[in-house]
Amino acid sequence: MGKVILSASGKGGVGKSIFTANLGATLAERGLKIVMIDMNVGLRNLDIYMGLENKVIYDVADVLSGVCRPGKAMVRDKRFPSLYVMPATQKKEKFDASHSDVARLYAGLKENYDFILVDGPAGVTKELSLAAAGADLGLIITTLEYVSLRDADMADSLLVESGLRKRAYVLNKVDRALLRTGILPTFEDVSFIMKPPLLGIIQNDVNIHLSANCGIPIVCQKGNYIEENFNRIADRIIGY
Ligand SMILES: Nc1ncnc2c1ncn2[C@@H]1O[C@H](COP(=O)(O)OP(=O)(O)OP(=O)(O)O)[C@@H](O)[C@H]1O
Ligand SMILES: [Mg+2]
């Protein structure tokens, strides 16, 4: 039986989609069967980060409204045969799914996939609550900025209200040189703000940005320290 892991944040742009893409590739590299669902309704991104945008025909709204079966809306990755993307709809008005529709979709996929990685929307919204329906683990992605941390804490509370009790957080874009200035919140400060435990840290690296624009998850470029960051997170997720 697979597990559904939702990436959430309060503040936008903290790296949820990059995280989902790279975690998906890291887990698929280990031979696990993975589907990544883009639940950022109206703002589809994951297909571009995976370099699959030209292959999209159906989307998650088509699946949830019964237009097609889940398999029809899943685009297979070019690099890993066991990795799929289910794109978000671009048309927000087309999306009127209920919590039970989403939970049913996740439950069906759990029978055939090891992990269902859900790329959630930014904000503390009903769309986030919908993406959390029936998820097993919520990962709050945040950066080391007070605004990002406060919003992460708000998103965490919404996940709890939505019934998601198992959560952890990931610190993204960590810049050790900036940390040494003493101006940013320290890891200890963060642990006071965030209620769930820390799952892992991903360093700031401009190559992530470049790689994303080429449609290649950076973990596919072997031997870099970002790959190491993701491998540690994947080990912990598998052991959760
Ligand atoms: N560790 C990192 N180092 C450097 N740049 C990063 C890192 N993680 C993400 N980025 C960059 O940050 C930007 C936002 O990333 P991403 O789209 O994944 O954020 P998001 O949280 O999904 O945004 P949204 O809230 O709009 O969905 C992108 O330009 C991406 O390349
Ligand atoms: Mg995103």
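This is a predicted model: local features need pLDDT of at least 70, side-chain atom pairs count only at pLDDT 80 or more; totals for chains, interfaces and linings use all residues.
Two residues are in contact if their C-beta atoms, placed from the backbone, lie within 7 Å. Residues are numbered from 1 along each chain as its sequence is written, and chains are lettered from A and ligands numbered from 1 in the order in which they are written.

Stay with the overall view and colour by secondary structure, which comes to ten helices and eight strands; helices (H or I, at least four residues) and strands (E, at least two) are DSSP runs, numbered from the N terminus. Along the principal axes, the C-alpha atoms fill a box of roughly 55 × 40 × 30 Å. Buried residues make up 47% of the 240 residues, where buried means that 20 or more other C-beta atoms lie within 10 Å of the residue's own, exposed that 12 or fewer do, and partly exposed in between, with C-beta atoms placed from the backbone.

Next, select ligand 1 and the 19 residues around it, of which Gly12, Gly15, Ser17, Ile18 and Ala122 come nearest; a residue counts as near if its C-beta atom, placed from the backbone, lies within 6 Å of the molecule. The elements that give two or more residues to this shell are α1 (16–29), β7 (167–174) and α9 (206–213).

Now move to helix α10, residues 225–239, whose 15 residues reach 21 Å from the first C-alpha to the last, close to the 21 Å expected at 1.5 Å a residue (the expected span being 1.5 Å times one less than the number of residues). Show its buried residues, Ile226, Asn229, Phe230, Ile233, Ala234 and Ile237. They cover an arc of only 135° around the axis, which puts them on the same side of α10; the arc is that of the directions from the helix axis to the C-beta atoms. These buried residues pack against β1 (3–8), α1, β7, β8 (198–203) and α9, whereas on the other side of α10, Tyr225, Glu228 and Gly239 are exposed.

Finally, select Ile201, which lies in strand β8 and is partly exposed, with 15 other C-beta atoms within 10 Å. Not counting residues up to four places away in sequence, Ile201 touches Leu171, Val174 and Asn229.
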